[in-house]
Amino acid sequence: MMVGVGVLQELLKTHRPSDSFYVYDLSILTQAYEEWKRVFPTITPYYAVKCNPDTRLVSHLANLGACFDCATPAEFKAVLDLGVSPSRIIYANPCKRNEDISLAAKHKITRTTFDSVCELQKIAVSVVGPGMEVVLRIRADDPKARCNLGNKYGAEEREWPDLLTMCSRLSLNLVGISFHVGSMAKSAEAFVEALEKAKRAVSLAETYGFKPRIIDIGGGFSSSNVFDLGPVPSMINEALENNFDSEFTIIAEPGRYFAEHVATLLTPVIGFKNQGITISESLYGAFNCILFDHAQPEFYMLGGGNSKTKLVTMFGSTCDGGDVIYKECEIPTDVAYGSWLVWPRMGAYTSAATTHFNGLPFHKRQTFYI
């Protein structure tokens, strides 16, 4: 799914933008949400706001019925400002500042994750009155995932007894188990193994007097076609049925799955010479995804009538010599100053991490919604 060429050409005619801009097709978001509910009928999606905090996108998901995974005060405040109930937010950050924990509690966000004794102690001293409901994040890795998270988050199995003991000592209410197998997971088996591990964590927690009944299977969902997650749903659903009965509430933290296909980026060519072209974007802008997310964005030239191509280096627009989008890529030979390049699937982990390095307003790109 992507925004049609005709729509893009019409936008250029009617609005005549002079710089890079986004086009968001929120109908794709609706279709993605409906497909999620079809293939995962028992799993409530908590959209990972860090993936793309665009207000219209988040609001649209809220209206569809999604809940939200927020990792910072800025994220949960943005969601609350849309009128979303704090009961639809999980503060899914296992390492928070004391003042941020207190702020979450002040806003009646009372469910958060942890994976260390240190975090439990911070929660205990930061919340006055009824304590936080805590969710133990366990380590679970997909070695094939594009971005591994287990090196930073998730308690090892040998650490669980100490964490459960501390929960008990601090009178904290352990309500669930969470994991994240890694961004852009490749192996459905990784989810199956993680769910089996989560079941062991539940069983152990019960011996300490807890009754965790929330299972958070994290994120990592992505697809080349927004309507096709391959064998992942059936394998996850089967593993859930094998390990957890209807007494459990199952949630997930998809970000990329919802946001990736919604946004298309258009960038003008602002210069060319020899075997190089420069576009009005940058690694410091939307293409930070190449550095941080190991992405390989695809593009085409809008209205390019020449079928012949040539190899060029594509530069970003800052004065940094390392600002290279592609060292070598094919572009139609009739590329010229003012040609527009179209980049589909630019909604996930792109605009969320832009800067204004070199005084360039990458963080203030205009957005059109259709």
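Tutor: In this predicted model, a residue is called buried when its relative accessible area is under 20%. Both Tyr-257 and Phe-258 are buried.

Student: Is Phe-258 buried or exposed, and at what relative accessibility?

Tutor: The cut-off for a buried residue is under 20%. Phe-258 therefore counts as buried, its relative accessibility being 1%.

Student: How many aromatic pairs does a search of the whole structure find, and what is the geometry of the pair formed by Trp-36 and Phe-258?

Tutor: The search finds 17 aromatic pairs. In the pair of Trp-36 and Phe-258, the centres are 6.0 Å apart and the planes stand at 45 degrees, a geometry classed as tilted.

Student: How many residues apart are Trp-36 and Phe-258?

Tutor: Trp-36 belongs to helix H2, and Phe-258 to helix H10 (residues 256-259). The pair thus links distant parts of the chain, with a separation of 222 residues.

Student: Why is the pair of Tyr-257 and Phe-258 classed as it is?

Tutor: Planes over 60 degrees apart count as edge-to-face. The rings of Tyr-257 and Phe-258 have centres 5.3 Å apart and planes at 70 degrees, so the pair is edge-to-face.

Student: Which residues do ring pairs link into a cluster with Tyr-257 and Phe-258?

Tutor: Two members of the cluster, Tyr-33 and Trp-36, are among the buried residues of H2. Alongside Tyr-257 and Phe-258, the cluster contains Tyr-33, Trp-36, Phe-40, Phe-191 and Phe-221.

Student: What is the distance between the end C-alpha atoms of helix H2, and what span should its residues give?

Tutor: Helix H2 has 14 residues (residues 26-39), which at 1.5 Å a residue should span 20 Å. The end C-alpha atoms agree with this, lying apart by 20 Å.

Terms used
Residues numbered from 1 in each chain as written. Predicted model: local features only at pLDDT ≥ 70, side-chain atom pairs only at ≥ 80, totals over all residues. Heavy atoms only, no water. Helix = DSSP H or I, 4+ residues; strand = E, 2+ residues; numbered from the N terminus. Expected span 1.5 Å × (residues − 1). Buried < 20%, exposed > 50% of the residue type's maximum accessible area, 1.4 Å probe, protein only. Phe/Tyr/Trp six-rings, centres within 6.5 Å; stacked < 30°, edge-to-face > 60°.
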